[in-house]
Amino acid sequence: MADGVQEILRVTSLSAGYGALRILHDLDLTVLAGERLGIVGLNGHGKSTLFLAIAGLTGWQRGSILLNGHEVGGTRSQGPGRYTHRVVRRGLALMPQGDEIFHGLTVEEHLDSGAFTPRAWRERKPRKARILEIFPPLAKLMAVPVGRLSGGERRMVCLGRGLMADASLFLVDEPSLGLAPKIGRSVMQALMNIELGGAAMVIAEQNVSLLEGRVDRIIGMHVGKLKGEASVSLSGAARAQG
Amino acid sequence: MENEQASARWRNPLKGWQPAREVDEVPTDPWRNPVHAPGRYTVKLFAIGRLRFFHKFRAHGKRLWHRTRYWPTRRRVLDVRGGYNPKTLAAEKTIRDKRPLYWLTAFACLLALPLAVPDSAANTLYTAAAIFGIYGAINLCWMLIIGTAGVSSLATYSVVGAAAYGSAYCSIHFGMPWWALPFIGVPIGLVFGLIIALPATRLDGFYYALLTLGLNELCRTYVLQSKVFGSATGGLYGAQSYIPDSLSADGQLLLGYYASLVLLVMALALYRTINGRRLGRILRMAPEQKEAFAEACGIDYRRARIQVFLLSSMALGFIGGFYAAHFRGASPSLFSIDTVALGLAMLMIGGMQRAEGAVLGTFIVVGLHHGLVGLGPLRLILIGVIMLAVVLFLRGGLFGIKPQFRAWRDKKKSENRSTRSVKGGEMLPEEATETFDKDEIYRRRFDKQQRDFLKTLVTAQVIEEHRRQPLGQHSEALERLLMYFRRHPQQDKYAIEVLEPFKAYRIVALSGHRGVAPHDVEEKIYASTDDAYHGVFMRRVQDLLES
Amino acid sequence: MDIGIIAVNALTLACIYGMLAIGISITWSSLGLVNLAYGFMFAFAGYGAWQINAWCSAAHLALPPVATLAIGVLCGALAGLLVCALAFIPIHDKPNFTMRGMVATIAIDLIGTQGLLWYFGPRAKSLPEIFGYWQIEYGGIVLTANTAGAIGSSILLLGAVLLWMKSSRRGLEIRAMMMNPHAASLVGIGVRRTGLYVMALTGGLAGLAAVLLSQTYYVSPFAGFTPLIKGVSIALCGGLGSVAGAVIAAVILGINEAVTAATIGGQYVLITQFALIIAIIVVRPRGIAGILDRAREA
């Protein structure tokens, strides 16, 4: 790239929806390497659909999605989820709303299942250690089936699974949803503590106060369109200067 | 608007009539016709919304509200709506639901079948048609169980078989007359239904389907091995039949055919009664995976399911008795996996959850299976291929084609609209359908096209011309631009505020509301009116180019 | 009554039907497909083994007995892939898949068995002896070559499959898909490719069962139906989706079958079996797995 910062994700004129319903209206979004981006918006305005569209899980979609320079979008109107695994192998880790967990697997197997790409599979031991540093409560629970964990622990496992992957783009959908405020804040704090390196993270959240001042950029989302870039926080400005 | 040569200079036509400071000649671009402006009509228009075609019958104006209802219900014979044509004000009537007419046509064809049957094929055709009637009735009851009650039972044919065997046994050993057989079948069906319903209260969905398949096989092996039920003769035969032996061969066939047609009509009436009334509606509120919600609404769906299940089992028992009376006995083929597979094929080909689906599916499968006997095992392969194709391509069988096609078309429309990249002030289709004033759609579209054209007129020459002389006569291009700017609505329209006459002016924007002061736009102070005019012009040009 | 004979019979039946049941169980829980085309897969494997044997003997090639076994397994896997390609891949993400998938497998079964009947004719075929004619005796229990071979080979294959599923990455993939297919695609598991693995695997198990059963019965187009029903009932009894449950259920139903056949008579096997299954299921709707596994409920 011209300014030396690599683009992880470039979405251009993306529209997506389910059947006759169109939810995303022609939106553009660029995510740079090493940045944390917050997307805020009310219920039903398309935050989750944007993430699902990037993962190829919507009913149909149009428009280009470049992930690490590879086209993963395009015109697609087949059933959802046909190509998701390919997008995931290009370096996407989606942590969806609500916990998509495998009830019967233990926490350890669960983390293993996150490391699906061959490289991540080989490196899964050090990675697991790293994740236990981020989420220390998981260390005691490694042999417990995930189905028996509490909501906060499940969320940690789910995020941990995403972090196990060899991903360059983390999409986190409503990490504080359905959790007690204190636990929600601690989960968010853990997300902020993750060293991104060359990767990027996009967090969708309804509660702006959880994001304010902690992410590099906040973008609003309203009826399927991205509305203006609000509040470039200090860290982002400093990075731009430095 | 002189010659359109490259020279293209504009001369002030008012020269000599006005004060000397007037500009009398400026360079300008050649005139272009806005109608032929490039890119003018490139925006592809997509149809919005959907109009369904209904034939309008002319009606007598006074009795548009009249409804023909039949006793003892308040149901209407046909869903006819009257109204006045919004354009011509003529009174007209519309048949909103034509299905009763289709049903009547189909029955008329079935009744008139004997007129069209050639003598050579009479035997095959009448046998097939009688089987169609009986199987159609069975499938309607099955549709009640699977579709309405949502219990995926595959043991329907074993209920029929049990009733057929039981009533044939009674007829042979206790000498029951033929008219008693269906009524013997009813309690047998009820008992059998109770036995099958027992696990249905605990098991859900496909566990139950597999279990009933096993029960079916259990019945088959039992019947095949039991001496009482004719394991030696390949079935239990010798029951009394409603078809008298004294009748001629043709007469016997015809009687059997019409009797099974009556059975089919009875099954249809049962389907309509259960599905269209309280039980059916309760169950429609508790579809699969939404049971918890229905229960929270106070619907006892389990009870309703069991009721429907038992009612259909009794009906199946009745059909079983009729089967025994029709074929003078029962055969173990009723329990075979092929029968279940063909029955499922009938339901799936026609379409789930609708009576017409069950009847059409039965018609097709029975027609292939019993009408083309000469093909041997090939016809079963043919039915399997049709079944596979229907299941792979159609969501709801043949009668689901229409809604599926509509859903597909709506999806494609929505997708195609989203490929459209030219917008710029034009209404999106979703907005357009919401707007009450449809003129607004076309006004916005015209406005966009006009702005696209005007953007091409903005050149350095025009700006220079305006700078030199903001007021007065202008070249054609500048005149067009100014005219468009003047038409801007009051809200946010730029205006000039006099800070100090002849010395200081500033640009503000009008609020558009009486009593609300204009708001500041920029800090810059202009020394003369002409400068301020030009400042406003420049802002407007900038806004135009940005829009 | 000879306890030994009953035990041996029970074990043999448990092994053979257990393989089918585990196949059905895995297919249902990972793909969400009720595979009723087992009859076809079963018959296809049997006929495949017979046909290749016939060609080899026509060409005067002597096939080693183990090759017949391997050919049966391969043909079963091939039939499994066919079923997957027809009934799973085109419609697995379409609405109402469970019902449509089941009917599609029934249609495949109908087409397949009728096609085999049409091509090979109604006469049953018999496969050559695989395990020879020896027998071992231990403590009054006589193991013939057939039973020993059937028990040995099925336990071997089943053990290998279970080990593979427990330890390898592919196995984790399949188990993840059994738990939550949606989440599986989110961690990069290709649903369709995993479907192919699963169906090839279960097809291979069915093929082995077909060849083993054809040592006592014959190969015919409809030979697979009774094993299908038995496999389905074992899978049901054990709880769909649970391998351990299926193994226990296979043992229980195997004992039931052997005991019933020895005490009351062969024709009552299905009746006692279904009475047993209904009893188990009415107590535990999820079968034996419901007793074993407490973490299943979300």
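Me: How many bridges join β7(A) to strand β8 of chain A, and do they run parallel or antiparallel?
Reply: In this predicted model, five bridges join β7(A) to strand β8, residues 200-205 of chain A, and the two strands run parallel. Within that pairing, Val172(A) stands opposite Ile203(A) in β8(A).

Me: And what makes a β-α-β unit with those two strands?
Reply: Helix α7, residues 181-193 of chain A, makes a right-handed β-α-β unit together with β7(A) and β8(A).

Me: Which residue stands opposite Phe170(A) of β7(A)?
Reply: That is Ala93(A); strand β6, residues 92-95 of chain A, is joined to β7(A) by four bridges, and these strands also run parallel.

Me: Why is β7(A) described as largely enclosed?
Reply: Five of the five residues of β7(A), which spans residues 169-173, are buried, so the strand is largely enclosed by the rest of the structure. Leu169(A), Leu171(A) and Asp173(A) point one way from the strand, while Phe170(A) and Val172(A) point the other way, and all are buried.

Me: Switching topic, how many residues of chain B are in contact with chain C?
Reply: There are 37 residues of chain B in contact with 39 residues of chain C, and the two chains bury about 3900 Å² between them, 83% of it on carbon and sulfur atoms. On the chain B side, Phe206(B), Tyr207(B) and Leu210(B) lose the most area to chain C, together 19% of what that side buries.

Me: How many salt bridges are there between chain B and chain C?
Reply: The count of salt bridges between chain B and chain C is zero, while three residue pairs, both residues at pLDDT 80 or more, are in polar contact.

Me: Which helix of chain B gives the largest share of the side that touches chain C?
Reply: The largest share, 14 residues, comes from α6(B); α6 (205-225), α11 (337-350) and α13 (377-393) of chain B each supply at least two residues of that side.

Me: What does Asp79(B) form a salt bridge with?
Reply: Asp79(B) forms one with Arg76(B), where the closest N and O atoms are 2.9 Å apart, and its side chain also meets that of Arg81(B) in a salt bridge at 3.6 Å, N to O. Asp79(B) counts as partly exposed at 24% relative accessibility, as does Arg76(B) at 33%, and Arg81(B) is partly exposed with 42%.

Me: How far apart are Glu464(B) and Arg467(B) in helix α17?
Reply: They are three residues apart in α17, residues 460-468 of chain B, and therefore separated by about one helical turn; their side chains meet in a salt bridge at 3.0 Å, N to O.

Terms used:
Residues numbered from 1 in each chain as written. Chains lettered and ligands numbered in written order. Predicted model: local features only at pLDDT ≥ 70, side-chain atom pairs only at ≥ 80, totals over all residues. Heavy atoms only, no water. Buried < 20%, exposed > 50% of the residue type's maximum accessible area, 1.4 Å probe, protein only. Pairing = 2+ DSSP bridges. Right-handed = clockwise from strand over helix to strand, strands pointing away. Contact = heavy atoms within 4.5 Å. Buried area = accessible area lost by both parts, 1.4 Å probe. Salt bridge = Lys/Arg side-chain N within 4 Å of Asp/Glu carboxyl O. Polar contact = N/O pair within 3.5 Å; in protein donor to acceptor, adjacent residues only side chain to side chain.
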